[in-house]
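Q: Can we go through the charged and aromatic side chains in this one? Keep it plain, please.

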Amino acid sequence: MRVVLDTNVLLSGLAYPQSISGKIVASWQHGAIEVVLSRYILDELARVLPKLTHRHGLNTPEIADLIDILAFQAELVEPKTAPEPRLTDPLDLPILNTWRAAEADYLLTGDKALLALSAFYPILAPARFWEIHG
């Protein structure tokens, strides 16, 4: 199964390994699911991870190494440039377009603007994904 993990799922999974997002990240690390990311998602993660140093304990070089490892472990795609007029937050468009480029089974996110499109796309919250596939 191929999934795109939004930045918030990656962040939560890394900072809180016992959470549902943490279980999803662990499933990826154990080869149970295939994760597709984009440089946009990884860059966003690199910007946000330093704010949670108190949670994960990584310093700046370790964060850079982690981003490199994730880039190596995931399949990387370039987001498509397709518009989505129903999306209320334009900053979420590269995430949706990563899913489009990946042709993945699901986009997993906790983002309300993206979840609002779940009637049109296979977008699931981590808890719902885990309930179905965990």
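A: Let's start in helix H3 (residues 39–48): Arg39 and Asp43 are four residues apart there, which puts about one helical turn between them. Helices here are DSSP runs of H or I with at least four residues, strands are runs of E with at least two, and both are numbered from the N terminus. This is a predicted model, where local features need pLDDT of at least 70 and side-chain atom pairs count only at pLDDT 80 or more, while totals for chains, interfaces and linings use all residues. Residues are numbered from 1 along each chain as its sequence is written, and side-chain values use heavy atoms, with hydrogens and water left out.

Q: What does Arg39 form with Asp43?

A: A salt bridge, with the closest N and O atoms 4.0 Å apart. The term means a side-chain nitrogen of Lys or Arg within 4 Å of a carboxyl oxygen of Asp or Glu.

Q: How many salt bridges does the structure hold?

A: Six. One of them joins the side chains of Arg2 and Glu34, at 2.9 Å from N to O. Arg2 is in strand S1 (residues 2–5) and Glu34 in strand S2 (residues 34–37), so this pair ties together parts 32 residues apart in sequence. Arg2 has a relative accessible area of 21%, and Glu34 has 35%.

Q: What about Arg128, which residue is its partner?

A: Glu131, with the closest N and O atoms 2.3 Å apart. Both lie in helix H8 (residues 126–133), three residues apart, about one turn of the helix. Arg128 is partly exposed at 41%, whereas Glu131 is exposed at 60%.

Q: Which residues are joined into a network by salt bridges that share partners?

A: Arg2, Glu34 and Glu75 make up one network.

Q: New topic. How many aromatic pairs are there?

A: Two. Rings of Phe, Tyr and Trp (its six-membered ring) pair if their centres lie within 6.5 Å; planes under 30 degrees apart count as stacked, over 60 as edge-to-face, and the rest as tilted. Trp99 and Tyr121 have ring centres 5.6 Å apart and planes at 75°, so they are edge-to-face. Trp99 is in helix H6 and Tyr121 in the loop between helix H7 (112–115) and strand S5 (123–124), 22 residues apart. Trp99 is buried at 14%, and Tyr121 is buried at 13%.

Q: And which residue pairs with Tyr106?

A: Phe129, edge-to-face, with 5.7 Å centre to centre and 75° between the planes. Tyr106 is in strand S4 (residues 106–108) and Phe129 in helix H8, 23 residues apart. Tyr106 and Phe129 are both buried.

Q: Where does Arg86 lie?

A: Over the face of Phe120, 3.8 Å from the ring centre. To count as over a ring, NZ of Lys or CZ of Arg must be within 6 Å of the ring centre and within 35 degrees of the ring normal.

Q: Last one: where is Asp92, and what does it touch?

A: Asp92 is in the loop between strand S3 (75–76) and helix H6 (93–102). Leaving out residues up to four places away in sequence, Asp92 touches Leu87, Asp111, Ala113 and Leu114, where contact means heavy atoms within 4.5 Å. Asp92 is buried yet has no salt bridge, and Arg47, the nearest side chain of opposite charge, is 9.9 Å away. For charge, Lys and Arg count as positive and Asp and Glu as negative, while His and the chain ends are not counted.

How values were computed
Buried < 20%, exposed > 50% of the residue type's maximum accessible area, 1.4 Å probe, protein only.
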